[in-house]
Amino acid sequence: MDNRLMLNNAAYLPGRSLSFTKNTDATRLRVLYLDNTATGGGNWQACRYELRIDNAPCSATVNIAGDVYRDARDNAHEFRTFLGYCDNVKAGAHTLSVYVRATPAAAQYANSQCMTGWGGVQNTATMTLEVEEMDPTEVRIHVRSSHVTL
């Protein structure tokens with residue numbers, strides 16, 4: 001059996017949700033999604049992967065999303081990272097979910113097939129959904145990024 005999910009219509013991805021409890025109103029949420037994603041359905045296709053809390057974007061002005069694009073020469077199966085921050089989420093029980101649809105930028109993307117997961121070795125697929133509650137007055141992020149030529 002293959003662990004891929006293939007969708008032709010907008011939908012919440014089965015098995016890609018996380019229930020959590022937010023402790024206080026004033027904290028910020030850092031949300032993370034790691035998974036193998038791809039786009040199919042022919043040439044020049046694109047799918048949008050969105051992280052939603054309680055079936056909605058983080059806010060009216062913040063939508064944590066990423067587009068996966070495919071042209072005629074591409075095999076777009078790749079492990080990807082989607083990361084963002086949500087403010088103004090009230091304390092209490094919530095659910096983080098992954099919502100997938102064709103990228104809305106152009107009509108040509110309407111028939112895109114959005115694929116998630118991969119059979120791989122022994123038909124196993126790994127994905128991660130993570131929510132971290134952060135005090136925005138104490139956040140310190142240090143990052144180093146570089147390109148290494150082997």
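This is a guided tour of a predicted model, going from the whole chain to single strands and then to a few side chains.

**Before you start**

Residues are numbered from 1 along each chain as its sequence is written, and side-chain values use heavy atoms, with hydrogens and water left out. Because the model is predicted, local features need pLDDT of at least 70 and side-chain atom pairs count only at pLDDT 80 or more, while totals for chains, interfaces and linings use all residues.

**Stop 1: the whole chain**

Read along the sequence, the pattern is β-β-β-β-β-β-β-β-β.

Among contacts (heavy atoms within 4.5 Å) between residues at least 6 apart in sequence, 81% join residues at least 24 apart.

**Stop 2: the open sheet**

Select strands E2, E7, E4 and E5, which form an open sheet of four strands in the order E2-E7-E4-E5, with antiparallel pairing; two strands pair if DSSP finds at least two bridges between them. Strand E2 (11-22) and strand E5 (64-70) stand at the edges with a single partner strand each, so one side of each is left without a neighbour in the sheet.

Next, select E4 (residues 45-53) on its own, and look at how it pairs with E5 in the antiparallel sense over seven bridges. Along this pairing, Ala46 stands opposite Tyr69 in E5, and the bridge partner of Gln45 is Arg70, also in E5. E4 also pairs with strand E7 (residues 92-102), again in the antiparallel sense and over seven bridges, and there Tyr49 has Val100 as its bridge partner.

Are the two faces of E4 covered or uncovered? Both are covered, for Gln45, Cys47, Tyr49, Leu51 and Ile53 on one side and Ala46, Arg48, Glu50 and Arg52 on the other are all buried.

**Stop 3**

Move on to Asp54, which lies in the loop between E4 and E5, and which has a positive phi of about 55° although it is not a glycine. With a relative accessible area of 38%, Asp54 is partly exposed.

**Stop 4**

- E6 pairs with E3 in the antiparallel sense over nine bridges, and Leu29 stands opposite Cys86 in E6.
- Strand E9 (residues 128-134) pairs with E3 in the antiparallel sense over seven bridges, and Arg30 stands opposite Glu132 in E9.
- Strand E8 (residues 113-116) is joined to E3 by four bridges, the two running antiparallel, and Ala38 has Met115 in E8 as its bridge partner.

**Stop 5: rings and a charge**

Finally, show the side chains of Tyr33, Tyr49 and Phe82, which ring pairs link into a cluster. The structure holds three aromatic pairs. The rings of Tyr33 and Phe82 have their centres 5.6 Å apart and their planes at 20°, so this pair is stacked. Rings of Phe, Tyr and Trp (its six-membered ring) pair if their centres lie within 6.5 Å, and planes under 30 degrees apart count as stacked, over 60 as edge-to-face and the rest as tilted. Since Tyr33 lies in strand E3 (residues 28-40) and Phe82 in strand E6 (residues 78-86), the pair ties together parts that are 49 residues apart in sequence. Tyr33 is buried, with a relative accessible area of 0%, and Phe82 is buried too, at 8%.

End at Arg52, which lies over the face of Tyr99, at 3.8 Å from the ring centre; a charge sits over a ring if NZ of Lys or CZ of Arg is within 6 Å of the ring centre and within 35 degrees of the ring normal.

Technical notes
Buried < 20%, exposed > 50% of the residue type's maximum accessible area, 1.4 Å probe, protein only.
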